[in-house]
Amino acid sequence: MSNGVEAGRGDWFFDRCLSLSPGLAAVKARSTMTTYSETLEAAAHQFDQAVKAQPAQLSVTEIGTVEEVQRGIARVHGLPHVQVDEVLRFAGGHLGYAFNLDPEQVGCVLLDSSEQITAGSRVERMHTVLDTPVGDQLLGRVVDPVGRPLDGGRSLDDLPREPCERDAPPIMQRAPVTVPLQSGLKVVDAMIPIGRGQRQLLLGDRQTGKTAIAVDTIINQRGRDVICIYCSIGQRSTGVARVIENLRRHDALDHTIVVIGADDAPPGLQFLAPYAATTMGEHFMREGRDVLIVYDDLTSHARAYRHLSLLLRRPPGREAFPGDIFYVHSRLLERSTHLIQSAGGGSLTALPIIETEAQNVSAYIPTNLISITDGQIYLSPTLFRKGVLPAIDVGRSVSRVGGKTQLPAYRVVAGDLRLTYSQFEELERFARFSSQLDEDTRATLNRGRLIREILKQTQFQPLTLPQQIASLIAVTNGVLDGRPVEQLPKLERAIQDAVTSQAAELCAQMQAGEKLDKEQVEQIANIAAGAVHAHA
Ligand SMILES: Nc1ncnc2c1ncn2[C@@H]1O[C@H](COP(=O)(O)OP(=O)(O)OP(=O)(O)O)[C@@H](O)[C@H]1O
């Protein structure tokens with residue numbers, strides 16, 4: 001067969017190429033070239049033309065294959081160039097991300113249920129990292145960590161998206177925490193004040209009122225220009241539904257975003273939830289707005305991370321948690337801060353919740369979080385059983401930001417309150433074993449019991465600053481001494497109404513952040529005494 005190649009110069013090779021490459025044979029048939037090299041040049045020229053003509057259609061995609069699937073994770077072979085945290089698309093459009101880059105395979109974390117994913121199915125790289133929607137349209141919505149609506153509302157695919165994992169703001173962009181974040185709870189605002197940009201840990205055994213304090217704080221932000229994000233991690237769906245209903249019932253859902261990684265969701269989604277919620281909050285913070293974020297709770301988050309790490313054979317450490325569990329939480333909570341004006345000027349205040357077991361605050365995860373945060377509010381099951389709600393153990397709670405962020409109006413009562421209350425708790429333990437008490441001890445015990453009663457507060461009823469100050473001045477100035485305990489709620493309401501109506505100017509002064517002087521404190525105490533006298 002004359003094919004234009006001199007005999008002996010590899011015409012068998014040329015015929016072999018033609019038989020293997022229909023494309024080349026087509027070029028040979030159409031061209032007038034007579035030599036092997038001319039034909040190849042023509043084919044290369046045609047290929048270049050094709051690439052230039054349709055550059056968009058030509059792209060190289062790495063395709064991997066699922067080798068093994070377990071609850072929440074998959075092992076994928078192939079994908080030699082995949083990056084850590086890169087999003088991967090599995091068969092059926094299910095999403096996952098690269099978690100372990102082992103030499104032979106990629107350990108992937110699934111963001112959807114693993115039922116529909118089988119061994120042998122294909123996996124393709126998305127060339128993007130995990131991201132989540134941000135913006136005002138999220139307010140009032142209930143979404144999962146990747147921004148899929150869970151409230152049946154409209155899709156959020158048109159919103160801008162930002163990566164879930166981000167570095168914390170550098171130290172030079174951080175401003176001191178000076179603006180108070182009012183929780184509306186007397187015991188918190190007076191004795192364990194929280195500032196905007198602070199990380200305040202809520203810890204306690206299960207069913208001691210941790211979520212209730214967080215929800216009351218969110219409700220109290222209504223009308224205060226604070227955007228709230230309630231991030232539920234590994235909680236029962238019934239509990240989350242109850243929180244959403246309570247927020248809706250108290251008109252607090254309009255300024256709140258609910259991000260849910262429920263207990264029946266894949267562990268990858270639970271692990272991602274706090275990072276995605278923080279990204280949503282950071283977006284507002286960089287716009288100069290104040291944000292409160294509740295992580296309920298990071299104990300479930302740590303367990304989800306342990307589940308993924310053990311399945312992907314990461315070496316277990318203490319309590320079988322992987323060695324970087326501290327970093328998992330520290331890099332999350334470092335993102336909460338108060339920015340300087342040039343960086344946006346907003347703030348992100350974190351209320352992480354941790355569940356302790358049998359009041360053991362020295363366990364692994366609780367001690368990690370205590371060392372990372374700027375203070376903790378400890379809830380005591382003993383106080384809860386006594387009906388002292390919120391069951392906050394003031395002696396074991398602290399706010400490391402403390403007085404710097406507290407409104408000046410509290411300073412006239414906070415000092416006495418904390419001292420009297422701690423003396424009372426000390427004496428109460430001692431008084432159990434002794435019946436012969438002198439007059440002073442008995443007076444301190446009675447005053448302490450009254451303070452504990454006044455610090456009680458019903459759920460969903462946050463108090464304004466003047467109401468709190470009126471109650472606290474009344475109890476620390478002896479206005480309620482000798483009153484029966486069962487009358488206190490009624491007398492407290494009478495005192496609050498009397499002070500807010502008869503001393504409106506003083507109340508405005510307190511709201512404006514001014515300190516009260518001795519005469520003004522006496523004026524409030526006299527109004528309170530008049531109200532008690534009138535209602536006793
Ligand atoms: N101040 C309060 N006044 C009245 N009831 C309260 C108060 N605080 C909490 N409770 C009640 O105590 C129960 C437990 O509260 P909550 O769910 O907040 O506790 P928790 O520690 O978050 O529980 P879990 O550990 O299961 O999440 C709830 O029924 C709640 O209504």
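Helices (H or I, at least four residues) and strands (E, at least two) are here DSSP runs, numbered from the N terminus. The model is predicted: local features need pLDDT of at least 70, side-chain atom pairs count only at pLDDT 80 or more, and totals for chains, interfaces and linings use all residues. Residues are numbered from 1 along each chain as its sequence is written, and side-chain values use heavy atoms, with hydrogens and water left out.

## Annotated domains

An unreviewed UniProt entry assigns residues 184-399 to "domain: ATPase F1/V1/A1 complex alpha/beta subunit nucleotide-binding". The chain over residues 184-399 is 40% helix and 19% strand, with its end C-alpha atoms 16 Å apart. The unreviewed UniProt entry also places "domain: ATPase F1/V1/A1 complex alpha/beta subunit N-terminal" at residues 61-125. Over residues 61-125 the chain is 0% helix and 54% strand, and the end C-alpha atoms lie 7 Å apart. UniProt positions are given in the numbering used here, feature names are shortened, and annotations may be inferred rather than shown by experiment.

Burial is judged by relative accessible area: buried means under 20%, exposed over 50%, and partly exposed in between (1.4 Å probe, protein chains only). Among the buried residues of H5 are Lys210, Ile213, Asp216 and Asn220.

H5 also contributes the largest share of the shell around the ligand, with 3 residues. The ligand is surrounded by 14 residues, of which the closest are Gln207, Lys210, Thr211, Ala212 and Gln459; a residue is counted as near if one of its heavy atoms lies within 4 Å. By class, this shell holds 4 nonpolar, 6 polar and 4 charged residues. In that scheme Ala, Val, Leu, Ile, Met, Phe, Trp, Tyr, Cys and Pro count as nonpolar, Asp, Glu, Lys and Arg as charged, and the others, Gly among them, as polar.

| Residue | Atom in the residue | Distance to a ligand oxygen atom |
|---|---|---|
| Glutamine 207 | N or O atom in the side chain | 2.9 Å |
| Glycine 209 | polar backbone atom | 2.9 Å |
| Glutamine 459 | N or O atom in the side chain | 2.8 Å |

The protein covers 76% of the 620 Å² of accessible area that the ligand has on its own. Accessible areas come from the Shrake-Rupley method with a 1.4 Å probe; for residues, only the protein chains shown count as cover.

Threonine 208 lies in the loop between strand S10 (201-204) and H5. Threonine 208 has 2% relative accessibility and counts as buried. A polar atom of the threonine 208 side chain is 2.7 Å from the backbone oxygen of aspartate 205.

## Aromatic pairs

Rings of Phe, Tyr and Trp (its six-membered ring) pair if their centres lie within 6.5 Å; planes under 30 degrees apart count as stacked, over 60 as edge-to-face and the rest as tilted. The count by this rule is 7 aromatic pairs. Tyrosine 97 and phenylalanine 99 form an edge-to-face pair, at 6.5 Å centre to centre and 70° between the planes. Tyrosine 97 and phenylalanine 99 are both buried. Ring pairs link Tyr97, Phe99, Phe271, Tyr275 and Tyr305 into a cluster.

The ring centres of tyrosine 421 and phenylalanine 424 are 5.9 Å apart and their planes stand at 45°, so the pair is tilted. Both residues lie in helix H12 (residues 411-431), 3 residues apart, about one turn of the helix. An α-helix has 3.6 residues a turn, so residues three or four places apart point the same way. Tyrosine 421 and phenylalanine 424 are both buried.

## Backbone features in loops

A cis peptide bond, with omega about 0°, joins aspartate 296 and aspartate 297. Aspartate 297 is in the loop between strand S13 (290-296) and helix H8 (298-311). Leucine 389 and proline 390 are likewise joined by a cis peptide bond, with omega about 0°.

Aspartate 85, a residue other than glycine, has a positive phi near 70°. Aspartate 85 sits in the loop between strand S2 (73-77) and strand S3 (86-90).

Definitions and conventions
A polar contact is a pair of N or O atoms within 3.5 Å; within protein, one must be able to donate a hydrogen and the other to accept it, and residues adjacent in sequence count only if both atoms are side-chain atoms.
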